[in-house]
Amino acid sequence: MKRWVGLALSACVALPLPAQSVRGRLEGRIPSTAIPAVDSLIQFAAQEGLPTEPLIQKALEGGAKHVAGPRIVAAVQLSLGQLRDARDLLVRAGDQPPVLPAEMTTVAWALRRGLPAPLVERVVAALARPPRAAAMHAVADLVAHGFDPDSAADLIIDAVHDGVPRERLLDVSTAALQQVQRGRTRAEALAIVRRQLPNLPAPARPTRGNVAGARRPAAPVPP
Amino acid sequence: MSVIDQRIHQALDGELAAEVVPAELRHAVAQLAAAAELLAAPPPGPAASLESRVMAEIRRPAPSRARRVMRWLVTPHAIILRVRPAWSVVFAAVVATLTLFTAGDQGPELGEHEGIAQFVGRFPEAQSVHVVGTFNDWRPGSIALEDQDHDGVWRATVVLPAGTYEYMFVVDGERWVPDHLAERLVADDFGRENSIVIVRPARR
């Protein structure tokens with residue numbers, strides 16, 4: 001009996017701890033046949049210094065949506081490729097390895113939201129200091145609403161250089177979108193907001209009523 | 001000293017009829033009779049005696065119940081409040097408890113890197129709506145939306161760490177629907193689209 005307990009403990013110690021925790025999160029959530037492949041992809045990511053949480057989330061998403069195992073593996077593999085592309089892009093743009101996982105996730109988001117890789121690279125190079133998440137989302141928001149990609153990137157880069165705090169860059173894109181809603185052309189909207197920089201309208205804050213009715217999910221996962 | 005005519009006395013005493021009083025005396029008799037009536041009448045004005053005033057008050061009818069209540073309400077009263085210190089402490093504890101209970105209804109205290117995410121969807125025929133995403137490991141059933149006024153608009157307000165999240169609605173436990181009100185969508189690599197919510201720190 002003691003020998004079996006010892007063997008079991010040895011096996012547990014031999015496995016890397018992240019692998020155990022990843023398998024624990026996947027078991028019962030995705031088809032069991034997909035777990036080994038997904039697990040190995042996640043281990044590759046960890047070995048390469050890539051963030052693993054987006055891959056775990058993609059697998060859990062597939063399981064929750066009752067997607068077949070092979071499609072889950074394919075989606076996780078696709079996400080792994082996007083993270084590798086994001087890391088390479090960041091290095092090309094001037095970030096020193098090892099690249100921050102959060103920045104890789106940010107760039108992967110930007111590419112998934114449809115921003116051209118050269119544009120993302122230009123924004124990364126212009127904003128040498130992380131974090132760049134707000135800047136990427138601000139550019140992506142503008143492009144998604146039909147703004148010229150280069151002009152949108154120029155506005156956000158100018159805003160950073162004019163001293164707009166990173167956490168307020170989404171207010172820059174929001175201000176431009178509001179100008180369009182008031183009947184301006186997109187070019188006019190960008191020009192108006194650029195003239196106003198670094199002054200921006202105050203962002204909407206959650207009301208007392210909203211906060212009063214808010215609740216926390218059982219176990220929120222950091223992005 | 002003048003002497004009053006005997007016939008005037010007799011006329012004033014009623015012993016002599018007025019028509020038999022000589023004409024030259026009739027005026028004097030009339031004046032004396034008026035003076036006598038004046039003296040017999042009670043004195044006019046505020047000089048009523050204490051006795052008469054008390055009697056007048058006694059004879060006045062009692063005021064109605066409503067009038068008495070009204071008079072009690074508007075009349076100042078002295079109130080003596082005697083409180084035991086122990087009861088004062090209990091009262092203070094009850095007030096403090098009620099205050100804390102009310103404060104608890106004001107919602108959770110937000111951390112420095114936390115924000116509020118609002119999820120709203122219109123599903124008129126739905127029996128249940130949940131929001132599922134990267135903030136809850138895509139675990140269906142953990143965050144339910146509510147339609148308290150039964151107008152088909154389902155809502156949930158959630159505290160999340162600041163960041164970017166993908167999510168979808170799950171209607172009646174089986175139908176996966178993107179948030180059509182979301183400004184940001186992204187392909188989910190399974191043939192559909194996820195909505196994106198960016199949670200900004202509430203304390204900026």
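Residues are numbered from 1 along each chain as its sequence is written, and chains are lettered from A, and ligands numbered from 1, in the order in which they are written. Because the model is predicted, local features need pLDDT of at least 70 and side-chain atom pairs count only at pLDDT 80 or more, whereas totals for chains, interfaces and linings use all residues; side-chain values use heavy atoms, with hydrogens and water left out.

**View 1. The helical chain A.** Chain A has 12 helices and 0 strands, where helices (H or I, at least four residues) and strands (E, at least two) are DSSP runs numbered from the N terminus. Of its 223 residues, 43% count as buried, a term that means under 20% relative accessible area, with exposed meaning over 50% and partly exposed in between (1.4 Å probe, protein chains only). Chain A exposes about 11,200 Å², of which carbon and sulfur atoms supply 59%; accessible areas come from the Shrake-Rupley method with a 1.4 Å probe, and for residues only the protein chains shown count as cover. Among the contacts (heavy atoms within 4.5 Å) in chain A between residues at least 6 apart in sequence, 64% join residues at least 24 apart.

**View 2. The largest nonpolar core.** A nonpolar core is a set of buried Ala, Val, Leu, Ile, Met, Phe, Trp, Tyr and Cys residues joined through side-chain atoms within 4.5 Å. The largest one holds 73 residues, of which A:Leu26, A:Val38, A:Leu169 and A:Val172 touch the most other members. Helix α5 of chain A, residues 69-93, gives the most to this core, with 10 residues. Apart from this core lies another, of 21 residues, including B:Ile143, B:Trp154, B:Val158 and B:Val171. When neighbours within four places in sequence are left aside, A:Leu26 is in contact with A:Ile35, A:Val38, A:Ile42, A:Ala59 and A:Leu60.

**View 3. The surroundings of A:Ile42.** A:Ile42 lies in helix α3 of chain A and is buried, with a relative accessible area of 2%. Not counting residues up to four places away in sequence, A:Ile42 touches A:Val22, A:Leu26, A:Thr52, A:Leu55 and A:Ile56. A:Ile42 and A:Leu80 are 38 residues apart in sequence, and their C-alpha atoms are 8.2 Å apart in space.

**View 4. Helix α3 against helix α5 in chain A.** Helix α3 (residues 35-47) and α5 of chain A pack at an angle of about 10 degrees, with their axes 9 Å apart; axes are lines fitted to C-alpha atoms, for helices over the stretch in contact, and angles run from 0 to 180 degrees between N-to-C directions. That makes α3(A) roughly parallel to α5(A), since angles under 35 degrees count as roughly parallel, over 145 as roughly antiparallel, 65 to 115 as roughly perpendicular and the rest as oblique. From α3(A), A:Ala37, A:Val38, A:Leu41, A:Phe44 and A:Ala45 meet residues of α5(A) that include A:Ile72, A:Val76 and A:Leu80. By class, this contact has 9 nonpolar, 1 polar and 1 charged residues, where Ala, Val, Leu, Ile, Met, Phe, Trp, Tyr, Cys and Pro count as nonpolar, Asp, Glu, Lys and Arg as charged, and the others, Gly among them, as polar.

**View 5. Helix α5 against helix α6 in chain A.** α5(A) and helix α6 (residues 101-112) pack at an angle of about 110 degrees, with their axes 8 Å apart, and are therefore roughly perpendicular to each other. The residues in contact include A:Leu83, A:Ala86 and A:Arg87 of α5(A), and A:Glu103, A:Met104 and A:Arg112 of α6(A). By class, the contact has 7 nonpolar, 2 polar and 3 charged residues.

**View 6. Cis peptide bonds in loops of chain A.** Most residues other than glycine have a negative phi, and most peptide bonds are trans. A cis peptide bond joins A:Pro97 and A:Pro98, with omega about 0 degrees, and A:Pro98 is placed in the loop between α5 and α6. The peptide bond from A:Leu197 to A:Pro198 is also cis, with omega near 5 degrees; A:Pro198 lies in the loop between α11 (186-196) and α12 (208-213).

View 7. Chain B comes to 5 helices and 7 strands, and 30% of its 204 residues count as buried. B:Asp137, in the loop between β2 (129-133) and β3 (153-161), has a positive phi near 55 degrees and counts as buried at 12% relative accessibility. B:Asp189, in the loop between β6 (184-187) and β7 (193-199), has a positive phi near 65 degrees and counts as partly exposed at 24% relative accessibility.
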